[in-house]
Amino acid sequence: MFKKLVSIAAVAASLAGGTVLAAPAAHASSLCSGNVVDGYDVPDSSGVVTSHVTLFYDPATGNNCAYNYATSAGGLGTPHRMLLIVDVCQETSPNQDYVSGLCTPIIDQRQRDINDNYRSYAGPLTVHAPGHCIDIVAMDNYNNLSGYFDSHATHCG
């Protein structure tokens with residue numbers, strides 16, 4: 001129900017002349033606790049941004065929280081496939097070796113959200129990763145656009 005309301009609010013904002021890309025900031029406090037620490041575009045192969053990942057860190061709980069929010073080009077307001085995975089990595093510092101896989105996930109701490117009918121966002125997903133890196137993977141498939149992003153081992157500590 002909440003996802004439907006967020007989607008309706010975003011579409012209403014765009015019809016009223018607001019920018020849909022600003023929607024994640026408008027809904028940030030209602031999806032994740034803590035402070036925004038990073039944001040990532042999810043582009044397709046031609047550079048069209050289909051969605052945007054926002055990452056939060058809550059120092060009170062030590063939790064990382066992320067969600068993947070569709071852009072208008074990525075089907076905001078229309079049911080489509082979205083994915084978000086947040087892994088806690090075995091790595092304790094960023095892995096710069098792009099051959100070996102970058103993040104060795106601790107599988108029982110993986111959080112995953114995928115659905116073919118999301119109208120606005122996947123997530124939010126929360127992980128507790130003290131002393132470890134996290135890896136964020138996001139995808140948005142809509143109208144022959146397929147955006148993909150992988151942060152690899154990042155935000156360590």
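Q: What makes the pairing of R81 and D116 a salt bridge?
A: The side chains of R81 and D116 come to 2.4 Å, N to O. A salt bridge is a side-chain nitrogen of Lys or Arg within 4 Å of a carboxyl oxygen of Asp or Glu, so the pair qualifies. R81 lies in strand β4 (residues 80-88) and D116 in strand β5 (residues 111-118), so the bridge ties together parts 35 residues apart in sequence. Strands here are DSSP runs of E, at least two residues, numbered from the N terminus. This is a predicted model, in which local features need pLDDT of at least 70 and side-chain atom pairs count only at pLDDT 80 or more, while totals for chains, interfaces and linings use all residues. Residues are numbered from 1 along each chain as its sequence is written, and side-chain values use heavy atoms, without hydrogens and water.

Q: Why is D87 called buried?
A: Its relative accessible area is 3%. Buried means under 20%, exposed over 50%, and partly exposed in between (1.4 Å probe, protein chains only), so D87 is buried. R110, at 33%, is therefore partly exposed.

Q: How do you know that D87 and R110 form a salt bridge?
A: Their side chains meet at 2.7 Å, N to O, which is within the cut-off for a salt bridge.

Q: What makes the link between D58 and S33 a polar contact?
A: The side chains of D58 and S33 are joined at 2.8 Å. A polar contact is a pair of N or O atoms within 3.5 Å; within protein, one must be able to donate a hydrogen and the other to accept it, and residues adjacent in sequence count only if both atoms are side-chain atoms. The pair is therefore a polar contact.

Note on methods: Helix = DSSP H or I, 4+ residues; strand = E, 2+ residues; numbered from the N terminus.
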